[in-house]
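I opened my notebook to look through one structure step by step.

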Amino acid sequence: MPQHSELTKNNSFRVFIGSHKLAFAKVSGLGGEMEKEVYAEGGGISYPHVMPTPKTSLRSMTMERGLQTDNHVIRNIKPGVFIPWIEIIVMGVDGMPYYEFFLEEAWVTKWDVLDLDAMDGRVLIDTFEIEYVRSKRESLR
């Protein structure tokens, strides 16, 4: 079993949308899954079979960042925009790339801004919801 000091931290990562490096405070919804059909076969076989089926749904991820007005890439991320690929690189404690998530064929489906509140002094947060067709992950060490 790995020691606690050997586990990957989740607080240092880089996000690339196309060739543009962007800063995000939080990324959630990374993963993959297989769609399947379970069926029983006739005869003396007493266990179900699982057969992969073509995908009929997309995975959804959310990215959050402080609102900035001077970034032309962020200004163009809005619902309906197609993003060919997104790369997320998790950095190790030594500052070197440790793990990579690669998302293909993504669509921006939602864009939100944190509630405006004159009584609150928090940073205004942009939230983007993106659905993607394929994902893969790879250790970079």
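My entries on the sheet, the core, the rings and one histidine follow.

**Entry 1: the model**

I noted at the start that this is a predicted model.

**Entry 2: the sheet**

I began with the strands. In what order do the strands of the open sheet stand? I read off β2-β1-β7-β8-β9-β6-β3, seven strands with antiparallel pairing. Next I checked the edges. β2 (20-22) and β3 (26-28) each have a single partner strand, so one side of each has no neighbour in the sheet. I also looked up the twist. From one strand to the next, the twist averages 35°.

I reminded myself of the background: strands of a sheet pair through backbone hydrogen bonds, either parallel or antiparallel.

**Entry 3: pair by pair**

I went through three of the pairings.

- β1 and β2 run antiparallel and are joined by three bridges. Isoleucine 17 has histidine 20 in β2 as its bridge partner.
- β7 and β8 are antiparallel too, with nine bridges. Here phenylalanine 82 faces tryptophan 107 of β8 as its opposite residue.
- β8 and β9 pair over 13 bridges, again in the antiparallel sense. Phenylalanine 102 stands opposite lysine 136 of β9.

Then I looked at the turn. How many residues lie between β7 and β8 in their hairpin? I found five. Glycine 95 is in that turn, and its phi is positive, about 85°.

**Entry 4: the core**

I turned to the nonpolar side chains. In soluble globular proteins, such side chains tend to be buried together. Here the largest nonpolar core has 22 residues. Which residues have the most contacts inside it? They are Val15, Phe24 and Ile86. I then asked which elements supply the core. At least two residues each come from β1 (13-17), β6 (59-66), α1 (72-75), β7 (82-91), β8 (97-113) and β9 (125-139).

Leaving out residues up to four places away in sequence, phenylalanine 24 touches Phe13, Val15, Met63, Glu64, Arg65, Ile74 and Phe128. One of these contacts has a charge: arginine 65 lies over the face of phenylalanine 24, at 5.5 Å from the ring centre.

**Entry 5: the rings**

A pair of aromatic rings is described by the distance of the centres and the angle of the planes. I counted four aromatic pairs in the structure and wrote up two.

Is the pair of tryptophan 85 and phenylalanine 102 stacked or edge-to-face? The centres are 5.7 Å apart and the planes are at 20°; under 30 degrees counts as stacked, so this pair is stacked. The pair links distant parts of the chain. Tryptophan 85 is in strand β7 and phenylalanine 102 in strand β8, 17 residues apart.

Tyrosine 99 is partly exposed, with a relative accessible area of 23%.

I came back to phenylalanine 102. The charged end of lysine 136 sits over its ring, 5.7 Å from the centre. Lysine 136 is also the residue opposite phenylalanine 102 in the sheet.

**Entry 6: one histidine**

Last, I looked up histidine 49, in strand β5 (residues 49-52). Is histidine 49 buried or exposed? Its relative accessibility is 18%, and buried means under 20%, so histidine 49 counts as buried. Not counting residues up to four places away in sequence, histidine 49 touches Glu37, Val38, Tyr39 and Glu41.

Technical notes:
Residues numbered from 1 in each chain as written. Predicted model: local features only at pLDDT ≥ 70, side-chain atom pairs only at ≥ 80, totals over all residues. Heavy atoms only, no water. Core = buried A, V, L, I, M, F, W, Y, C linked by side-chain atoms within 4.5 Å. Buried < 20%, exposed > 50% of the residue type's maximum accessible area, 1.4 Å probe, protein only. Helix = DSSP H or I, 4+ residues; strand = E, 2+ residues; numbered from the N terminus. Contact = heavy atoms within 4.5 Å. Phe/Tyr/Trp six-rings, centres within 6.5 Å; stacked < 30°, edge-to-face > 60°. Lys NZ or Arg CZ within 6 Å of the ring centre and 35° of its normal. Pairing = 2+ DSSP bridges. Axes fitted to C-alpha atoms, helices over the stretch in contact; angles between N-to-C directions.
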